[in-house]
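Reader: I would like to go through the terms used for this model and see what each one rests on. Please set the values against the definitions.

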Amino acid sequence: AYCLILRDLSDHRDTAAEVRQAAVCDYLTGIHNRRAFFEAAERETRRVKQRPRPLSVVLFDADHFKRINDSLGHPAGDAVLCHIASTLRASFREVDVVARIGGEEFAVLLPSTDLQGAHTVAERFCRKLAASPASTAAGEVVCTVSAGIATMADCGGDLNTLMQRADQALYATKAAGRNRVCGLALER
């Protein structure tokens, strides 16, 4: 005698896929989250140490984002964040890791890209974003970002140093007036 038990596991597969998606995607924007960004950055850092090549990071921060939330409301702010994320996704290569790493802060990991190349694509993104307003329930909102860049070849191969240098460049951008890109001239 045989006994056959059939079970439909499609619900379990769907649930597992949703859990995996939630672990690596930002809930609001649908792009990678902070965790996924740093995991990818660690993997890429190990690759750079094995086979030296440039690796750049661009940090983007939405300019005067608090004003948008305060004057138009959080739903408008959320729409602006989603607009920034979709513009980022459309502006960078598939191999690049685009992520939201904080409230209004985004990061892009650019494998095999030197400081000049990262600067070029970051400036192009900034122009594209400024030229395309975000559609919100409160109307069209023009948003801009400030960007800071650092390149792995310039900071000795350490991810923490790379991120610190990109953050320093971002603060230099804000001090210089926002809606622009700064890349620090880094030494080994």
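Reader: How many helices and strands are there in the protein chain?

Author: The protein chain has 6 helices and 7 strands. Helices (H or I, at least four residues) and strands (E, at least two) are DSSP runs, numbered from the N terminus. Along the sequence the pattern is α-α-β-α-α-β-β-α-β-β-β-α-β. This is a predicted model, in which local features need pLDDT of at least 70 and side-chain atom pairs count only at pLDDT 80 or more, while totals for chains, interfaces and linings use all residues. Residues are numbered from 1 along each chain as its sequence is written, and side-chain values use heavy atoms, with hydrogens and water left out.

Reader: What makes Asn-69 buried?

Author: Buried means under 20% relative accessible area, exposed over 50%, and partly exposed in between (1.4 Å probe, protein chains only). Asn-69 has a relative accessible area of 15%, so Asn-69 is buried. Asn-69 lies in helix H3 (residues 65–72). Leaving aside neighbours within four places in sequence, Asn-69 is in contact (heavy atoms within 4.5 Å) with His-74 and Gly-77.

Reader: Why does His-83 count as buried?

Author: His-83 is at 14% relative accessibility, and therefore counts as buried. His-83 lies in helix H4. Apart from neighbours within four places in sequence, the contacts of His-83 are Leu-129, Ser-132, Pro-133, Ala-134 and Cys-143. His-83 and Leu-129 are 46 residues apart in sequence and 8.6 Å apart in space, C-alpha to C-alpha. For the protein chain, buried residues make up 42% of the 188 residues.

Reader: Why is H3 called oblique to H4?

Author: H3 and H4 pack at an angle of about 140°, with their axes 6 Å apart. Angles under 35 degrees count as roughly parallel, over 145 as roughly antiparallel, 65 to 115 as roughly perpendicular and the rest as oblique. The angle falls in the rest, so H3 is oblique to H4. Axes are lines fitted to C-alpha atoms, for helices over the stretch in contact, and angles run from 0 to 180 degrees between N-to-C directions.

Reader: Which residues of H3 and H4 meet?

Author: Phe-65, Ile-68, Asn-69 and Leu-72 in H3 meet His-74, Ala-76, Gly-77, Val-80 and Leu-81 in H4.

Reader: What is the angle between H4 and H5, and why is H4 called oblique to H5?

Author: Helix H4 (residues 74–91) packs against H5 at an angle of about 135°, with their axes 10 Å apart. That value also belongs to the rest, so H4 is oblique to H5. The residues of H4 in this contact are His-83, Ile-84, Thr-87, Leu-88, Ala-90 and Ser-91, which meet Phe-125, Lys-128 and Leu-129 in H5.

Reader: Which strands form the open sheet, and in what order?

Author: The open sheet has 5 strands in the order E2-E3-E1-E6-E7, with mixed pairing. Strand E2 (97–100) and strand E7 (181–183) are the edge strands, since each pairs on one side only. Two strands pair if DSSP finds at least two bridges between them.

Reader: How do you know that E1 and E3 pair?

Author: 7 bridges join strand E1 (residues 55–62) to strand E3 (residues 105–111), and at least two are needed, so E1 and E3 pair. The two strands run antiparallel. Leu-59 stands opposite Ala-107 in E3.

Reader: Where does helix H5 lie?

Author: Helix H5 (residues 115–131) lies across E1, E3, strand E6 (145–151) and E7, running at about 170° to E6.
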